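Here are my notes on the model you sent over, point by point. Have it open while you read.

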Amino acid sequence: MMAAMTDAGSPPITPKRLSAFISHHSSQVETARRLKRLLAARGTDGWPAPDDIAAGTAFDQSIVDQIDRSDAIVLLFCPQSGQSRHVKRGLVLGEDSNKIILPVRLEVVRAQGLAYWLKDYQWIDWFAGEEQAVDRIVGAMTAGAAPAVSPGTAARQMPTALAP
């Protein structure tokens with residue numbers, strides 16, 4: 001005789017926490033850390049280098065691995081980040097991996113060095129209000145995590161409710 005199967009023994013399904021790779025110029029490390037805390041308060045993981053790279057671990061490989069694991073690239077944009085080779089590399093890796101790209105302007109500034117890469121994306125303005133900016137980041141990531149939306153297009157086709 002076969003034993004009856006019940007749902008009582010099944011472990012509950014826990015949804016995967018969203019994760020954002022926080023790309024930033026070194027001059028904006030404190031803003032990156034603040035964003036990480038604000039994301040965590042909303043149930044989303046943030047990963048800014050170099051804070052989360054273990055001692056003795058190769059810096060470049062850690063960044064590549066984290067971009068692969070992340071759901072989105074949040075680019076904290078300031079004049080210095082537009083000139084940074086490291087910021088550009090992270091953005092290119094994110095695009096190559098079909099990640100959601102969310103450029104966040106820290107001040108009113110043109111894209112300049114990254115204009116080619118960021119032309120298609122809807123910007124989020126940090127200076128208009130941090131809480132509102134974080135809500136938009138999490139909202140875009142949540143919309144992009146839905147199975148019906150492809151990761152490479154979610155940031156470009158941001159719902160009008162999220163548009164400025």
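1. A term to settle before anything else: "buried" means under 20% relative accessible area, "exposed" means over 50%, and "partly exposed" is in between (1.4 Å probe, protein chains only). Helices (H or I, at least four residues) and strands (E, at least two) are DSSP runs, numbered from the N terminus. This is a predicted model, so to speak of local features we need pLDDT of at least 70, and side-chain atom pairs count only at pLDDT 80 or more, while totals for chains, interfaces and linings use all residues. Residues are numbered from 1 along each chain as its sequence is written, and side-chain values use heavy atoms, with hydrogens and water left out.

2. Now β1. Both of its faces are covered: Ser19, Phe21 and Ser23 are buried on one side, Ala20 and Ile22 on the other.

3. What is the strand order of the open sheet? With 5 strands in parallel pairing, the order reads β2-β1-β3-β4-β5. Two strands pair here if DSSP finds at least two bridges between them. β2 and β5 are the edge strands, each pairing on one side only.

4. On the bridges: β1 and β2 run parallel and are joined by 4 of them. Ser19 stands opposite Asp45 in β2, and Ile22 has Pro48 in β2 as its bridge partner. From β1 the chain crosses through α1 to β2, a right-handed β-α-β crossover; that label applies if, with the strands pointing away from the viewer, the path from the first strand over the helix to the second runs clockwise. Another 4 bridges join β1 to β3, also parallel, and there Ala20 has Ala72 as its partner.

5. The largest nonpolar core has 23 residues, and Leu35 and Ile137 have the most contacts inside it. Two or more residues each come from β1, α1, β3 (72-77), β4 (100-105) and α5 (130-145), and α5 gives the most, with 6 residues. A nonpolar core here is a set of buried Ala, Val, Leu, Ile, Met, Phe, Trp, Tyr and Cys residues joined through side-chain atoms within 4.5 Å.

6. Which residues does Ile137 contact, leaving aside neighbours within four places in sequence? They are Leu35, Leu39, Val74, Leu102, Val104 and Ile124, where contact means heavy atoms within 4.5 Å. Apart from the core described above lies another, of 17 residues, including Ile53, Ile67, Val87 and Tyr121.

7. Aromatic pairs come to 3. The rule: rings of Phe, Tyr and Trp (its six-membered ring) pair if their centres lie within 6.5 Å, with planes under 30 degrees apart counted as stacked, over 60 as edge-to-face and the rest as tilted. Phe21 and Trp47 have ring centres 5.4 Å apart and planes at 25°, so they are stacked. Phe21 sits in strand β1 and Trp47 in strand β2 (residues 45-48), 26 residues apart. Phe21 is buried at 4% relative accessible area, and Trp47 is buried at 9%.

8. In another pair, Phe77 and Trp123, the centres are 5.4 Å apart and the planes at 80°, so this one is edge-to-face. Phe77, at 1% relative accessibility, counts as buried, whereas Trp123, at 21%, counts as partly exposed.
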